[in-house]
Amino acid sequence: MELKKFVDTLPIPSIIRPKGMYKGRPFYDVCMIETLHKFHRDLPKTKVWDYNGLVPDPTFNVEKNQPIYVRWANNLPEKHFLPVHKTIHGASHNPEVRTVVHLHGSPSEPASDGHPEAWFTRGFRQTGPHFMKEIYHYTNGERATALWYHDHALGVTRLNVYAGLAGLYFIRDEQERSLSLPKGKYEVPLIIQDKTFNPDGSLFYPAQPDNPSPNLPYPSIVPSFLGDTITVKGKVWPFLKVEPRKYRFRLLNASNTRTYQFQLSNNLRPFALIGTDGGLLSRPIKVKSLDVSPAERIDIVIDFSGLEGQNVILQDGFESENPTGEIMEFQVTRFLSCPDQSRLPSLLSHIDRIPLNKVKKIRRLTLNDSQDEFGRLMLLFDDKEWMDPATETPLLNSVEIWELVNLTPGIHPIHVHLVNFRVLDRYDQNGNLIAPLPTDFGLKDTVLVGPGETVRIIMKFQPFSGDYVWHCHRLEHEDHDMMRPLKIIPSNRNKFKSN
């Protein structure tokens, strides 16, 4: 189905408000429901799953060091509207519709982290083996940044996120507010996902790979998913009318598989990268393009001054010859409502570095291709499956370097729960040092590891001990079987206490 581009305006997301207080802290009640949403002017309404029935999903705005409680409730139907594959981990003997929410990038206690086996069904009637409680506790102790919340249920994450279960979560602080960055209506969140629609407007997701073998189960998981349309905050190829001034864009790649090379159409006009997954950089970096894999967030400033009357398209440089090479359009057609007092400071923030002499362990971890019993592609870490015993067992408060060695021909965005990390360096398949990505200079919770690359990251495992996970954030890979347990071992003097 061919849809006309840039005919729908970019939606403004709603801000979720607390329902009351719980244990002396703000309490939020969020319900997952099935609803209908109009993705494009020329499409009928589409069945989706969303938090509180809103598209885009409601945005959290919270203050640093001000904890909150959230009750995530599942009010979804008992049957999934997308094809559920029963021959992968977590799917064979569990309910078809189950959910659990992971606040991605948050150093949460184990009971509130959204462990993939902490799933629950409608009304909490059935729960997974790691389920501990209904109400989650978020301390919000990290730097000002953009986190995101999304479903993380074992074996169906790719389906639940594609169905719509993903939203933004901003942490604010005084240090960030003191900077003269664009604020208010000039700070715009962008959640980017690719979709494919059936002729009746319903969401399409493949029930099996192309050219399946005769013995393949039906339905059967696919190794990747690339949609043929791009949505931004729930609209297909939208437009945004802007003033000729600076804007700050908080951009999340929430796609299942697709890595984007974000760039601007007007002769590759440069823009400024000011932040990554873990908050502001030390200094702005001028760039003409940015490679952003699934789950990564970027914080950028685009200056539209001097472009009155022009249209600027946010593009994907990897898809320049295809319809998906265009993402959305900025129309510089609004009058300047007031003088632009914002500016790009030369110093944005201070990022503490972990001294190398604090490193207690270096782990070499390979990213491997494999096959399952049906001959399907299965991606693994160190040739181990999800159900194999935990091998990544760092001590609480210890510092480790992980060498992520990609032996596959594909890109893998690697996400480690609980921690932010720094990228130390990158090497090609011959062991030669290669140039860092611009995003490597910030704090990260997800890192793009290219084909044949080795990427070294350094991190301190704090503030909680317990059961976590690390995985590839290409969701089809995560579901089959590129996810491993991560067990943080407590010391005798520092035992975990749940809130």
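## Terms and model

Two strands are said to pair if DSSP finds at least two bridges between them, and the strands themselves (E, at least two residues), like the helices (H or I, at least four residues), are DSSP runs numbered from the N terminus. With these terms in hand, strand 15 (residues 260-264) can be described as pairing with strand 18 in the antiparallel sense over four bridges.

This is a predicted model, in which local features need pLDDT of at least 70 and side-chain atom pairs count only at pLDDT 80 or more, while totals for chains, interfaces and linings use all residues. Residues are numbered from 1 along each chain as its sequence is written, and side-chain values use heavy atoms, with hydrogens and water left out.

## The chain as a whole

The protein chain contains three helices and 31 strands. Its radius of gyration, taken over C-alpha atoms, is 22 Å, close to the 23 Å that the globule rule (2.2 Å times the number of residues to the power 0.38) gives for 499 residues, so the chain is as compact as a globular protein of that length.

Along its principal axes the C-alpha trace spans about 60 × 55 × 55 Å. Of the 499 residues in the chain, 60% are buried, where buried means under 20% relative accessible area, computed with a 1.4 Å probe on protein chains only.

As an example of the bridges, Gln 261 has Asp 291 in strand 18 as its bridge partner.

Another open sheet is formed by four strands in the order 28-25-30-31, and here the pairing is antiparallel. Its edge strands are strand 28 (446-449) and strand 31 (483-488), each pairing on one side only, and the twist averages 25 degrees from one strand to the next. Strand 30 (residues 466-472) pairs with strand 31 over six bridges in the antiparallel sense, and the bridge partner of His 471 in strand 31 is Met 483.

## Cavities

A search of the whole structure finds four cavities of 30 Å³ or more, a cavity being a set of points on a 1 Å grid over the protein atoms alone where a 1.4 Å probe fits but cannot get out. A volume is the space filled by probe spheres set on the points, and lining residues have an atom within 4 Å of a point.

The largest cavity has a volume of about 170 Å³, and of the 16 residues that line it, Val 55, Asp 57, Gly 164, Gln 193 and Gly 234 are the closest to its centre. Strand 10 gives the most to this lining, with four residues, and the lining of the largest cavity divides into eight nonpolar, four polar and four charged residues. The second largest cavity holds about 60 Å³ of space, and among its 13 lining residues Thr 145, Ala 146, Arg 250, Thr 276 and Asp 299 lie nearest its centre.

Notes:
On a 1 Å grid over the protein atoms alone, a cavity is a set of points where a 1.4 Å probe fits but cannot get out, and a pocket is an open set with protein on both sides within 12 Å along at least five of seven lines; lining residues have an atom within 4 Å of a point. Ala, Val, Leu, Ile, Met, Phe, Trp, Tyr, Cys and Pro count as nonpolar, Asp, Glu, Lys and Arg as charged, and the others, Gly among them, as polar. Buried means under 20% relative accessible area, exposed over 50%, partly exposed in between (1.4 Å probe, protein chains only). Axes are lines fitted to C-alpha atoms, for helices over the stretch in contact, and angles run from 0 to 180 degrees between N-to-C directions.
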